[in-house]
Amino acid sequence: MSSTTEGIATTCPYCGVGCGVRARVSNDALIAVEGDSAHPANQGKLCIKGTNLAATTGTEDRLLTPRIAGAETDWNTALDFVAQRFMDALDEHGPESIAFYLSGQLLTEDYYVANKLMKGFLGGANVDTNSRLCMASAVAAHKRAFGEDVVPCEYADLETAELVILSGSNMAWAHPVAYQRLAAARERQGTRVVVIDPKVTPTCAIADLHLAIEPGSDVALFNALLTYLADSGRVDHEFIAEHSCGWDKTRQHVKTDVVNACVQTGLSEPDLMTFFEWFAETERVVTVFSQGVNQSSQGTDKANAIINCHLATGRIGRSGCGPFSITGQPNAMGGREVGGMANQLAAHMDFNATDVDRVGRFWQAPNMASEPGLKAVDMFAAVADGTIKAIWIMGTNPAVSLPDSNAIRDALSACPTVVVSDCIAATDTNAYADVLLPAQGWGEKDGTVTNSERCLSRQRRLIAPPGEAKSDWWIVCQVAARMGFEEAFDYTTPAQIFDEHARLSAFENNGKRAFDLGHLVNLAATEYDRMVPMQWPKTRPFANNRFSTPDGRARFVAVTPQRPFQQTSAATPLVLNTGRYRDQWHTMTRTGAVTDLFQDAWVPALQIHPHDAAPRNINEGDVVQVENSLGQIRLIADVTTDVKPGSLFAPIHWNDQFSGRANVCQLVESATDPISGQPESKHAAVDCKPVTVRWRMRLVTLEPVEREEFERSGIQFWSRLPGPNAMCFEVAADNLEVMLSLLDATDIVTMQGSDRFRALGRAEDEPKWLLFGSDRYSQLPTWRHLAAQLEVETEDWQRLSSVPPGTLDTSRCICTCFQVTEQAILRGLRAGASSVAELGDALSCGTNCGSCRHELSQLVESFRTDDLAAVV
């Protein structure tokens, strides 16, 4: 008998917006999702990644059973092995020899038990998280300014503000639903938007002013703004006098005039003065900042420079006002709440004697940690030097995402015990694991997450976990029990863990900490199950102008501009910036399985300015090698004026599972902010050069091709993506025969000329693969074309034709949400649409997540100037 459940409320597992999702489940399979109109974060909207969640719950690439040394085993054996290895390290080398490296993909309940085990029972504090790479600088800045890690804004402020500043935030791609809310407010009420970013991003589509600052000059910019506000008498003297301290010292220290600011930021004086005046004259101002600010060796100072300007004008604690740090992960905030970082204890408490005693009494902890542990980069350095003997990695891929990733891999190779809990079988990190533990993925887990606006939401189990996959909290508790701590970890449901977490937040709080979930203590199981999204605290933070400092006053922090750690040189004259693509997520372990998420960008590309490309003989579509002393990677050239001369941009997502030598973090130094420990991922000194190859190829195959075969063959470049019913490869190689030798077929049909090559492989009288090659990248048909040629019922010579079958539109997909291609958009323009809004009315493009609006506006503008008017 079939059964269908409609509208199960849960939360998206991608970015920090934390969108509500309604899921439809039939016969224990997730068949559809839609945005939850009742959720305050997204009000029914979903981006293209969230829209495709149902396509990510398959079992093809899943880790389904525990493994020790690559061999499958049972849970008891695996758990006993892990517990014994940790106890051996503890007995022989002490608690400093053990580390946990966690993830913003974990639920709050998972985070809580891992943090409790390490800091209360093993006696160390080496528990950190990949959130260290995301928002640690914002956390440190909040604590310096407010006395506590409290984000003082919410998404509704984007709609009530009169001026929104986006600093180091490509919101259109990284937080697309929040971007849609801002774009709608701008269209509705004329909200001014300023984008501060060295490169032109899709977010600039709604910018009234784009400040393309020199990389790393954020402190100089906001110090200059503070100087201007003070010199022009535009500060709130009453707020400063009654609710802050440190103003006089900061005012004496920060004296950056407009002339110096122009030199340091590379901006023109008119643009600077426009920005300063808009900020000064506008009462309701929100400054959104994200990775472009945080991922820096001066990230904490950059965030405090922003906060200083809001404190100086009293623009905080009110609707439409404040500095707004938006996180990259769905539960980065939840990890901060439970203390899932090495320099935090739990429930917004620190490693002072009073807090250590308080948490120790609450946990009844036998081995309470008394001082901070190692932050992420230092943690893996301790793995490398042998200090850490056993590390447990949960739900993250540090062999790809941490800086100087080759050194991370060397460290993991040498570590005596590497345990990895993951839901995916093959990742770059899993290759170094002594033990693999199958964890549950999104749609199988049950617990809570907290988004960027401090909103707690439930992630609910939708389908049964495959194989032997278990909840992360269960795995941790089982190991704890085997280490002798069963009584303290005898939870049987996530609701019990959440209750303890809430009780700890309220324990001896007395209003000292804004983070207090005391009103959620002692929820019945049914109340936990029915929990609706809610924010903490129950009233707007700092609305009464009282902060979480001992005297209740906010702190100004005097900061000085510093140069980025890794400077350019004659050997490495270019600055490499890294970041996200619109439709991908982290290291693509989830999004990499979804065909629709490769329609906007299907290869790892290097954005390079024509000024830098020309002298290096780099042309559009060339294979490019980017290098410095740390390593070499290979990407596809995207020659564009979206980046400044002297600057490059590359995506963070690709890794060994999806491409050969495309892991950009190889080239990033392990330099960190001295306060937050966050790596400087936005500023690597490199150079680049073209890689000469004879053939550029696209392959669509129904037969598997192992990535190791590409590596052994010496092919100069490859990347893969999932097609609708096949696997697709982008390849660059000198030798066609080498490529053909990797493909199985009983019969091969070929067409070859001096500048092109086409081959069709057959087995059992069925077409199995199709390979097109050319000496010019621009002459290759799209992978969508090739996939259609392979599937269509036709003669072999027609499959090898360059003409798409039937009336297939093989132009690039611009709006992935509604599958609107470039060709369809051009037809819409020729039919009379003259704006992005009119294209949306006619084709729906740009009306869901809004991430494509920048490209739509570019097409509209190009069409107006007749660059594309003849193309249909």
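Aspartate 583 and arginine 582 are both buried (under 20% relative accessible area; exposed is over 50%, partly exposed in between, with a 1.4 Å probe and protein chains only). The two also form a salt bridge, with 2.8 Å between the closest N and O atoms; the term asks for a side-chain nitrogen of Lys or Arg within 4 Å of a carboxyl oxygen of Asp or Glu. All this comes from a predicted model, where local features need pLDDT of at least 70, side-chain atom pairs count only at pLDDT 80 or more, and totals for chains, interfaces and linings use all residues. Residues are numbered from 1 along each chain as its sequence is written, and side-chain values use heavy atoms, leaving out hydrogens and water.

Across the whole structure, the search turns up 42 salt bridges. One of them pairs aspartate 80 with arginine 482 at 2.7 Å, N to O. Aspartate 80 sits in helix 2 (residues 75-93) and arginine 482 in helix 20 (residues 472-485), 402 residues apart; helices here are DSSP runs of H or I, at least four residues, numbered from the N terminus. Aspartate 80 is partly exposed at 42% relative accessibility, and arginine 482 is partly exposed at 25%.

Beyond four places in sequence, phenylalanine 86 is in contact (heavy atoms within 4.5 Å) with Ile98, Phe100, Ala390, Trp392, Val419, Val479 and Met483.

Notes: Helix = DSSP H or I, 4+ residues; strand = E, 2+ residues; numbered from the N terminus.
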